[in-house]
There are 2 protein chains.
Amino acid sequence: MDMQLEHTDLLPSLPVFDGVGRVHLAWLASVARRLSLKRGETLFEKGQPVQFLYILLNGHIKLAVPAGHGQEKILEFLKPGDAFGESVLLPDHRWIATAQALFPCKLLALSLSDLATAVERSPAFGLRLLANVSQRVETQFMDQESGALRNAVQRVAEYVLRQPKVGNQARFLYHKRAIASRLGLQPETFSRSLKQLVTDGLITVQGARIVIHDEDALQAMVA
Amino acid sequence: MDMQLEHTDLLPSLPVFDGVGRVHLAWLASVARRLSLKRGETLFEKGQPVQFLYILLNGHIKLAVPAGHGQEKILEFLKPGDAFGESVLLPDHRWIATAQALFPCKLLALSLSDLATAVERSPAFGLRLLANVSQRVETQFMDQESGALRNAVQRVAEYVLRQPKVGNQARFLYHKRAIASRLGLQPETFSRSLKQLVTDGLITVQGARIVIHDEDALQAMVA
DNA sequence: CGCCTATTTGAGCGTCGTCAATCCAGGTGG
DNA sequence: CCACCTGGATTGACGACGCTCAAATAGGCG
């Protein structure tokens, strides 16, 4: 199968390319670098110069800052359709966090000049990028709110509710250790908080599997 | 003095309009609504639909979420040149926080259609907006990092270092209560943390005035 | 089947939040 | 010009939530 066509076909399904004309998409697909990452592979590290805007087509990536003793604080989980590295627009900018693949990834990389040309040719693409990063700011705000206003059990309940559900079932996509870090908790505290929800009869947990018994009570807990 | 010309002249001095052609600036100035806020006045409240992208020309605004018992958690201090409300691009979006003037403000408001037209006419403006919001994401990341990795005294030291200094002098622009909220601390804890820095001989504080005696030690404290 | 890592569980402690009282500064009016 | 007054800031005492250290258990992958 033609690699280039494969990627071109993938593009229209991502919201970040909504409303971007076919011809512009083709141009994007032609100039953008294509990258693949294996699970665990590092895309960039804190301190390196920002050279590209990345668009994640496939897979999951964590953005994290090292915290000594082999610890880290996870700032964000990146999902397909997410764009990151807009700070390529800021002069002499360096990454403030490290990006590492949690699952095998495919992504596009746009250099600063390609990004500028792309927005020049397709202002709609510029607006899509703006909407995307705007969404990320809002997510950060909600995280800040949760971190400041809610306790450990409430934050865990909130996280469970946000997971995609089929019926009343859900799964932890990432390691519990990683989720704990994302929520600003120690793994031990995360474990105890989950146990609390189980003890209260709101959920049951088996490994990465979650069954939600009382969604309303979970909602009430975070409100 | 002509109000419109006054604002038009103000625009080129803000980084967010760098590289945006004179003619586009004039167009922006002609279509954008102009707003003034008195100290304490509310621009929008949590839950209201997002109708405009705002660009702060002058003054300071706080973005905060109410937290019950008349409390609030301040998410961000907005300064001249900051743009906010890019989420006007997201469908059916509502404000997740309240905006209130901390000082008298002047600002521009762009409707969704005006924003789209502006980026259409001047892709450079789109890139500037992207850079601006990108900067805000990074600030959020650094806040998350501080909140997770540093204790109260370290966060206060970090905040002091970030204030604009003349010689070894600086000032708290906002009420300590507000700064505490921004740092994710109670006013009492903020006060005690400042006292700690004073006791250690790193700074002295009189009301809103700060004198920095040992900047290196402050830096070392947050590293 | 066995190793290695992730997760869970337990015990103890420290930081920060809560509640309450006091202190202080800036603004107002006599 | 000074006394008052009001809201912010400070200080103290105490408790709780989440962190740290340590050990046991479970789970995944070769």
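This is a predicted model: local features need pLDDT of at least 70, side-chain atom pairs count only at pLDDT 80 or more; totals for chains, interfaces and linings use all residues.
How many residue pairs are in polar contact across the interface of chain B and chain A? The rule finds six, with both residues of each pair at pLDDT 80 or more.

**Stop 1: the interface of chain B and chain A**

Select chain A and chain B together. The contact takes 39 residues from chain A and 39 residues from chain B. Between the two chains an area of about 3,600 Å² is buried, and carbon and sulfur atoms give 72% of that area. Next, pick out L130(B), F141(B) and Q144(B): these supply 18% of the area that chain B buries against chain A, more than any other three residues.

For charged pairs, the count between chain B and chain A is two salt bridges. One of them can be shown by selecting E145(A) and K46(B), whose side chains meet with an N to O distance of 3.6 Å.

Now colour chain B by element. On the side of chain B that touches chain A, at least two residues each come from β4 (61-66), β5 (72-78), α3 (112-121) and α4 (123-149). Which element gives the most to this side? It is α4(B), with 19 residues. Sorted by class, this side of chain B has 23 nonpolar, six polar and ten charged residues.

**Stop 2: the annotated spans of chain A**

Select residues 16-136 of chain A. An unreviewed UniProt entry places the feature "domain: Cyclic nucleotide-binding" here. The span is 28% helix and 34% strand, and its end C-alpha atoms lie 13 Å apart.

Then select residues 150-216 of chain A, which UniProt lists, again in an unreviewed entry, as "domain: HTH crp-type". Over these residues the chain is 49% helix and 16% strand, with the end C-alpha atoms 18 Å apart.

**Stop 3: DNA strand D**

Show DNA strand D and the protein residues around it. There are 15 of these residues, and the closest are N151(A), A152(A), T189(A), K176(B) and R192(B). Of the atoms of DNA strand D that come within 4 Å of the protein, sugar and phosphate account for 65%.

- T189(A): an N or O atom in the side chain is 2.6 Å from a phosphate oxygen of DNA strand D.
- Q186(A): a polar side-chain atom lies 3.3 Å from a phosphate oxygen of DNA strand D.
- K195(B): an N or O atom in the side chain is 3.4 Å from a sugar or linking oxygen of DNA strand D.

To see the elements behind this surface, select α7 (187-199) of chain A, then α6 (176-182) and α7 (187-199) of chain B; these are the elements that give two or more residues to the surface near DNA strand D. With four residues, α7(B) gives the most. By class, the surface has seven charged, six polar and two nonpolar residues.

**Stop 4: DNA strand C**

Move to DNA strand C, which is surrounded by 15 residues. The closest are K176(A), R177(A), R192(A), A152(B) and T189(B). Sugar and phosphate make up 62% of the atoms of DNA strand C that come within 4 Å of the protein.

In R192(B), a polar side-chain atom lies 3.0 Å from a base oxygen of DNA strand C.

Finish by highlighting α6 (176-182) and α7 of chain A along with α7 of chain B, each of which supplies at least two residues of the surface near DNA strand C. Here α7(A) gives the most, with four residues. The residues of this surface divide into seven charged, six polar and two nonpolar.

How values were computed: Residues are numbered from 1 along each chain as its sequence is written. Chains are lettered from A and ligands numbered from 1 in the order in which they are written. Side-chain values use heavy atoms; hydrogens and water are left out. A residue is near a molecule or strand if one of its heavy atoms lies within 4 Å of it. A polar contact is a pair of N or O atoms within 3.5 Å; within protein, one must be able to donate a hydrogen and the other to accept it, and residues adjacent in sequence count only if both atoms are side-chain atoms. Ala, Val, Leu, Ile, Met, Phe, Trp, Tyr, Cys and Pro count as nonpolar, Asp, Glu, Lys and Arg as charged, and the others, Gly among them, as polar. UniProt positions are given in the numbering used here, feature names are shortened, and annotations may be inferred rather than shown by experiment. Contact means heavy atoms within 4.5 Å. Buried area is the accessible area (1.4 Å probe) that two parts lose on being put together, summed over both. A salt bridge is a side-chain nitrogen of Lys or Arg within 4 Å of a carboxyl oxygen of Asp or Glu.
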